[in-house]
There are 2 protein chains.
Amino acid sequence: MYELKDIPLFSGLSELHLAELQEHIYVKHYSKDSIVFYEEDKSEYLHVLLEGDVKLYKTTPNGKEVYLHGMSAPNAIALFPALERVAFPATCAFLTEGTVGLLPLEKLHKCLENLDFSLAMIKAMSKRMKLLENLLHKETIFSSEAKIADLIANNAKIFQHLRNNEIASILNITPETLSRILTKLKKEEIITIDDHIVTIVNQNALQDIIETNSMKKSASN
Amino acid sequence: MYELKDIPLFSGLSELHLAELQEHIYVKHYSKDSIVFYEEDKSEYLHVLLEGDVKLYKTTPNGKEVYLHGMSAPNAIALFPALERVAFPATCAFLTEGTVGLLPLEKLHKCLENLDFSLAMIKAMSKRMKLLENLLHKETIFSSEAKIADLIANNAKIFQHLRNNEIASILNITPETLSRILTKLKKEEIITIDDHIVTIVNQNALQDIIETNSMKKSASN
DNA sequence: TGGTATATCTTTGAGTTCGTACATAAGTAA
DNA sequence: TTACTTATGTACGAACTCAAAGATATACCA
């Protein structure tokens, strides 16, 4: 299990300061699939993921989950609600077993008096903004085909570790749509899939899909 | 025209420090509709909006604009690309005439050695995250009906200042869709529109649309 | 250990929906 | 007038839902 000092946000603090913080942290264990916090909830604590993987997602009025991102320990989650003391914009659920440390917000806010900590906070927030920005791009610009092409181009290995329906939920598309588009990509000889290993055959065509948001049908059809 | 000290991000700095920064700022004037920077571009400067209004938007492969947000002077724009020295995630265009101050990134990064400045930066980034988070919610959770209902509930006055096609572009829907849904809202007696003044008649029904993402049809149809 | 049963995933087809695109008419303003 | 904005009808398309069949995995038991 990780400790505070393993998290970049806190790693710049002195031994002494860290020890003091550690004293005030309430450590909580979670089982797989349990909820850490719900969208719209508020909390008096910063949630620090010390062990395990979580996902963050929003829920639509009809109960559909909109996947935002996954996070692995060690990591501070929901920084922005902690800083602004506002409600969580998303629900956080464990994908594995895991552990969360709860740091009282007063303690966090006191840390900000330390310049190194503030700079680390800026770094951490930058990182989070990059994630958000990326997500926004995927959800507003990319078509389903482009989402899939992008995933294959950047992280083809994920198909070895996750089932297609899990990948679909990460991309916020239905498994049916994923299946259909993968079939199309195979038929167009842009990729091959063998025993869950996705291999890129035509990198250019893939890039083209990402850039144009669509696949030109092959003349042979 | 505003100056650096009018911007919350910089207002905590000493007179001396401000004067020094001001010396290194290159001030540039822009005409209405001109582009400040393009998506994917990089810059060695932080852009500080000193006068006028801009909008930020992404462009899809088919040339459609996806509106992100508008900003008014005084304000630092594109903080995240400035901090991380990465490409702009969006295009910035003036909606009015205006002025931008260009602050070399070295100068900005030097400011971060000042704790008050760092704290102001954290505040500014928080604010930006809130914007992004809001936008993400609108684009991923809301239906077109909910977007419009939300706008009417929170900012009905905007209909007095902007034409419907401008409002449509802010909501990232087509003018046709906006027109149809406004007509529907009038027919259901949820709002009235008189000479561009939108009045809410049935607040509950409006809230209901925002929460459920759809309008139940009235029995009379 | 192997074999079968059962559950879960994936694929495919058909139909629906939401919002867009295009065309055109009607309204409004300079 | 002339240009632009708004409204409305029709058509289209991307991705969804629902349903059912086919393929894989997992569990259980002899």
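In the predicted model, a polar backbone atom of B:Asn164 lies 3.0 Å from a phosphate oxygen of DNA strand D, a polar contact being a pair of N or O atoms within 3.5 Å. A base nitrogen of DNA strand D is approached by A:Glu176, with a polar side-chain atom at 3.2 Å.

DNA strand D is surrounded by 15 residues, the closest being A:Ser144, A:Thr174, A:Thr177, B:Asn164 and B:Asn165; a residue is near the strand if one of its heavy atoms lies within 4 Å of it. Of the DNA strand D atoms that come within 4 Å of the protein, 71% belong to sugar and phosphate. At least two residues of this surface are supplied by each of helix 9 (175–187) of chain A, helix 8 (164–171) of chain B and helix 9 (175–187) of chain B, helices being DSSP runs (H or I) of at least four residues and strands runs (E) of at least two. Helix 9 of chain B provides the largest share, four residues.

Chain B also contains an open antiparallel sheet of four strands in the order 2-7-4-5, where strands pair if DSSP finds at least two bridges between them. Strand 2 (35–37) and strand 5 (65–72) each have a single partner strand, so one side of each lacks a neighbour in the sheet. Strand 4 (residues 53–59) pairs with strand 5 over seven bridges, and B:Leu56 stands opposite B:His69.

Residues are numbered from 1 along each chain as its sequence is written, and chains are lettered from A and ligands numbered from 1 in the order in which they are written. Local features need pLDDT of at least 70, side-chain atom pairs count only at pLDDT 80 or more, and totals for chains, interfaces and linings use all residues, while side-chain values use heavy atoms, with hydrogens and water left out.

Notes. Polar contact = N/O pair within 3.5 Å; in protein donor to acceptor, adjacent residues only side chain to side chain.
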